[in-house]
Amino acid sequence: MVFSSVMETDSGKSHDHKKLGKELDLFAFSDSVGKGLPLFTPKGSVIRRELERFIVDEEIRRGYLHVYTPDIAKLDLYKKSGHYPHYKDSMYSPIEIDDEQFMLRPMTCPHHFELYLRKPVSYRELPMRIAELAKLYRYEQSGELMGLQRVRTFCLADAHIVCADEEQTVAEIGNALDLIEYITSVFELKLDADYRYRLSLGDRANSEKYYKNDAGWEKAEGLLRALMQERGSKFGEAKDEAAFYGPKIDIQMKNVNGKEDTSFTVQYDLCMPDRFDLSYIGKDGAKHRAFVVHRSSIGAIERIMAFLIEKYAGAFPLWLAPVQVRVLPVSEKHAAYANEVLAALCAANIRAEVDDVNVSLGKKIRNAKTEKIPYLFVVGDKEVEAKTISVESRDVGKLDITSLSDFITKASDEIKRQV
Ligand SMILES: [Zn+2]
């Protein structure tokens with residue numbers, strides 16, 4: 001299935017994810033819950049769950065260890081990591097519990113480091129790729145909030161890769177970029193047209209904003225630059241855009257309004273291994289300082305959802321479509337067979353439903369088209385008698401398939417191929 005890129009059209013307004021999200025009933029906001037705190041409907045949750053399954057499965061396939069850590073931790077933990085002074089303005093106020101101060105977590109890094117520290121690690125276990133679909137909480141000014149694009153709580157596909165040496169670190173940054181490029185290919189995103197690489201550098205003169213280690217910065221920036229050159233990917237450089245703990249490679253993407261955001265990022269850490277005493281036991285039996293890479297793969301689930309809603313203009317590829325098939329009985333007497341067809345589709349893990357509302361077939365078809373459902377089955381006398389189906393595809397019109405099992409084979413293949 002080929003979808004045109006909305007960014008090349010001027011119809012941005014009608015593809016606005018906030019508008020489509022409402023029309024297609026994917027997510028909502030409630031003043032009673034609070035600004036910037038999205039509520040995902042059952043349909044929106046299907047898309048989110050599919051994206052989450054996709055990324056977790058893909059990362060596990062690539063050697064990541066998926067974990068769960070708490071959404072809240074002691075304020076002292078973020079002071080130790082150095083996040084607190086740097087990101088204080090975008091963190092929520094501390095919560096007092098039993099005379100101690102806790103924070104809703106703005107990032108996952110220190111949680112993963114503490115997990116790493118639970119036992120001694122041998123060089124044989126490195127690189128260790130600790131990943132999590134992590135719920136994070138950040139204060140955004142209310143004027144900055146925008147649908148799912150900018151929210152006050154989001155779920156980041158985050159990971160911290162602990163490495164033994166510089167060489168392993170650079171190789172892991174390359175592997176993380178491979179994963180990101182694979183993800184962008186699944187979403188048919190093209191370098192230059194849809195996204196661009198940015199090497200985000202620090203500023204040696206600004207030791208308030210960036211961790212002080214001039215030689216370290218020089219070296220790490222050089223390594224990232226050399227890696228990008230070696231990969232042959234076109235990239236730009238931007239000074240004063242690094243993380244406080246090291247330089248990074250950002251994947252910048254434009255949303256439908258043409259505004260650019262960092263969607264994915266891979267970062268070289270010059271500071272946390274010392275702060276957390278992250279080490280490993282080397283071949284020589286001695287303790288060695290470890291290296292750390294921070295990276296997001298699919299980015300924030302909310303943000304990629306906003307992007308995909310706009311990109312596909314709500315006409316999602318089959319694997320992401322909240323409802324994949326709608327069965328339309330012509331009249332009440334065809335409802336029993338329609339439900340038989342529904343049961344077979346559900347048993348084959350295809351998300352389907354029957355439209356048995358008492359309206360004309362024409363109206364049912366129009367409704368299904370407005371909702372951009374990928375496949376419609378019309379069930380009338382002929383289909384009931386012959387135990388067949390009549391299929392119309394959202395993208396290519398009427399199909400020749402009349403056997404339900406042939407359709408299930410075709411649809412299952414399409415879902416697997418994520419087209
Ligand atoms: Zn991190």
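Good morning. Strands, in what follows, are DSSP runs of at least two residues, numbered from the N terminus. The structure before you is a predicted model.

Strand E5, residues 95-97, contains Ile97. With a relative accessibility of 36%, Ile97 counts as partly exposed. Together with Ile72 and Ile95, Ile97 makes a nonpolar surface patch of about 200 Å².

I now come to the charged pairs. How many salt bridges does the structure hold? There are 42 salt bridges. In one of them, the side chains of Glu100 and Lys74 meet at 3.2 Å, N to O. Glu100 belongs to strand E6 and Lys74 to strand E4, so this pair ties together parts that are 26 residues apart in sequence. Glu100 is partly exposed at 35% relative accessibility, and Lys74 is partly exposed at 38%.

Is the next pair, Arg105 and Glu132, buried or exposed? Arg105 is buried, at 1% relative accessibility, and Glu132 is buried as well, at 2%. Their side chains meet in a salt bridge of 3.2 Å, N to O. Arg105 lies in the loop between E6 and helix H5, while Glu132 lies in strand E7, so the pair ties together parts 27 residues apart in sequence.

Thank you for your attention.

Conventions
Residues are numbered from 1 along each chain as its sequence is written. This is a predicted model: local features need pLDDT of at least 70, side-chain atom pairs count only at pLDDT 80 or more; totals for chains, interfaces and linings use all residues. Side-chain values use heavy atoms; hydrogens and water are left out. Patches are made of residues with over 30% relative accessible area and no salt bridge: like charges are joined within 9 Å, nonpolar side chains (Val, Leu, Ile, Met, Phe, Trp, Tyr) within 5 Å. Accessible areas come from the Shrake-Rupley method with a 1.4 Å probe; for residues, only the protein chains shown count as cover. A salt bridge is a side-chain nitrogen of Lys or Arg within 4 Å of a carboxyl oxygen of Asp or Glu. Helices (H or I, at least four residues) and strands (E, at least two) are DSSP runs, numbered from the N terminus. Buried means under 20% relative accessible area, exposed over 50%, partly exposed in between (1.4 Å probe, protein chains only).
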